[in-house]
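Take a moment to look over the model that follows, and then read on with the structure in view. The paragraphs below go through a sheet and a few helices in turn.

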Amino acid sequence: MSTITLNKLAEISSGQGAPQGEKCFGHKGLPFVRAGSLDFLLSGGKEDDLERVSEEVANEYQLKPYLEGTILFAKSGMSATKDRVYTLKSTCYVVNHLAAIIPKKPVDTDFLKFWFRHFRPSQLIKDKAYPSIRLSDIEEIKVPDFSDEKKRHIIPILKKAESAKQKRREVIRLTNEFLKSAFIEMFGDSVINKNGWMKKKLSESDIEIIDGDRGKNYPKQQDFLDNGWCLFLNTKNVTKEGFKFNTTMFISKEKDQQLRKGKLQRNDIVLTTRGTVGNVALYDNSIPFDNVRINSGMVILRANLEEFNLVFLEALLNSKYFHDQKDRIVSGCAQPQLPIRHLKDIEIFIPPINQQQKFADLVQKIEALKSKQQESKQELDNLFNSLMQKSFKGEIS
C-alpha cells in the first residue's frame with residue numbers, strides 16, 4: 001500500500017504561549033485550549049466551558065485562532081505520552097504545548113481524525129525521560145495514500161461504528177445518573193430532610209475512622225516492590241469509579257508487620273483525603289488482594305453493619321450532600337487535604353436499615369445491567385478497532 005507524508009495533506013503547527021495572569025482570561029472571547037484541557041474534552045467536556053480569551057488579549061499576545069476540524073495532541077511534557085487526540089468543534093485558541101494539524105481539504109478532516117485514532121503520536125517521542133515530539137517528525141508521518149473517493153467510502157463506515165460507541169457510552173452514563181436519581185428519590189433532599197432521618201456527625205456515628213501509618217516505619221521508596229506480600233494503596237488506586245489497579249506497588253511481609261495502622265479488612269470503605277479528595281471505594285470480596293494497607297493520603301471507614309448497609313453508605317459518601325460539606329472544609333490549593341479532625345465533623349443521615357437494603361437491592365439489579373452494557377461496549381470497541389485496522393490497510397472496498 002502506498003503512503004504519503006502528513007504535510008502533503010495538512011498544515012502542521014503549534015499554538016502560542018498562554019497569556020499570563022488571571023486578568024487575561026474571562027467569559028468573553030474564544031475558548032483557550034491547554035494540554036490539560038484534552039482529558040476534559042475527551043471525557044465529554046464542552047469547549048464552551050473552557051476559560052476564554054478576549055480579542056484584545058489575543059491581539060496583545062498574537063494568538064492565532066484555530067478553526068473547527070483542527071486536530072490537536074500534546075507534543076511536549078508528560079501529556080505527550082498520553083496519546084490524547086482531540087478535534088476542535090469550534091474556533092479556539094491553542095497553547096504552544098499542543099500540535100495543531102489543519103487538514104487542507106474537507107475530506108481529510110474526517111479522514112485524519114480517524115487516522116489519529118489509529119496512529120499513536122507518542123511513538124514519535126525520542127527520549128522517554130524528556131518527552132517531546134518535533135513538528136518536523138509530525139510532518140513526516142506516513143499516511144495511507146488513498147484517493148478522495150476511497151476516503152469518502154470508508155469515512156461513513158467509521159462514523160457509523162463511532163456513533164454506535166457513543167450511543168453505548170451515553171446509555172452507560174444515563175444508567176449511572178439513574179442511580180443518583182434513585183438515591184434522591186428514595187432518601188429525599190438530605191439538607192431539607194423531610195423524611196426526618198436521623199442525622200449524626202461521622203465522629204458520633206457507628207463508623208470507625210482509621211488513618212494510615214505515619215510513623216518512622218512508614219515505607220520509603222526502596223521498600224516498594226513490583227510484587228510482594230501486601231498491596232500498598234496509592235491515592236491513584238482510588239478513583240471516582242472505585243478501585244483501579246493499573247499501577248500497583250507492594251511491601252514485604254516484614255515491612256507490613258512493622259506498621260501499626262491502615263490495614264484493610266473486607267467491607268471497609270476507603271476515602272481519599274489528599275490530592276484528589278473524596279474518592280470512595282469499597283474493599284469487598286471482589287478485590288483480588290488479601291493483604292492491603294492504605295497510604296497516608298486516605299482513611300478507612302469501618303462501619304457497624306447492623307446500622308449501615310455498605311452499598312448505601314458508599315452511595316452516601318458519593319452524594320452531593322456529602323461532597324458539598326467536604327468541599328467547604330478542604331484546605332490547601334496545590335495539594336488539597338481533608339484533615340481527619342474536619343472529616344469527623346461532616347454530618348451524615350442514617351435511614352432505617354431496611355430502607356438502606358431496598359436501595360442496595362436496586363443497585364444490585366442496575367449493576368447487573370451495567371455489566372451487560374460494558375460487555376456490549378467492549379464488543380463495539382473491538383469492532384471499531386478492527387474496522388480502523390482494515391480501513392487503513394486498504395482492506396475495505
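Axes are lines fitted to C-alpha atoms, for helices over the stretch in contact, and the angles between N-to-C directions run from 0 to 180 degrees. Helices (H or I, at least four residues) and strands (E, at least two) are DSSP runs, numbered from the N terminus. This is a predicted model, in which local features need pLDDT of at least 70 and side-chain atom pairs count only at pLDDT 80 or more, while totals for chains, interfaces and linings use all residues. Residues are numbered from 1 along each chain as its sequence is written, and side-chain values use heavy atoms, with hydrogens and water left out.

With these terms in hand, turn to helix 3 (residues 106-118) and helix 10 (residues 353-392), whose axes come within 10 Å and cross at roughly 110°. That makes helix 3 roughly perpendicular to helix 10, given that angles under 35 degrees count as roughly parallel, over 145 as roughly antiparallel, 65 to 115 as roughly perpendicular and the rest as oblique. Contact means heavy atoms within 4.5 Å, and here Phe-111, Phe-114, Trp-115, Arg-117 and His-118 of helix 3 make the contact with Phe-384, Met-388, Gln-389 and Phe-392 of helix 10. By class, this contact of helix 3 with helix 10 has 6 nonpolar, 2 polar and 1 charged residues, where Ala, Val, Leu, Ile, Met, Phe, Trp, Tyr, Cys and Pro count as nonpolar, Asp, Glu, Lys and Arg as charged, and the others, Gly among them, as polar.

Helix 3 also packs with helix 5 (residues 148-187), at an angle of about 55° and with the axes 9 Å apart, which makes helix 3 oblique to helix 5. The residues of helix 3 that meet helix 5 include Phe-111, Phe-114 and Arg-117, and among their partners in helix 5 are Ile-154, Ile-155 and Leu-158. The residues of this contact of helix 3 with helix 5 divide into 6 nonpolar, no polar and 10 charged.

Helix 5 itself has 40 residues and reaches 58 Å from its first C-alpha to its last, close to the 58 Å expected at 1.5 Å a residue, the expected span being 1.5 Å times one less than the number of residues. Just after helix 5, Gly-188 takes a positive phi of about 75°.

Finally, 4 strands form an open sheet in the order 2-8-5-6, with antiparallel pairing; two strands pair if DSSP finds at least two bridges between them. Strand 2 (10-14) and strand 6 (86-87) are the edge strands, each pairing on one side only. Strand 5 (residues 71-74) pairs with strand 6 in the antiparallel sense over 2 bridges, and Leu-72 stands opposite Tyr-86 in strand 6.
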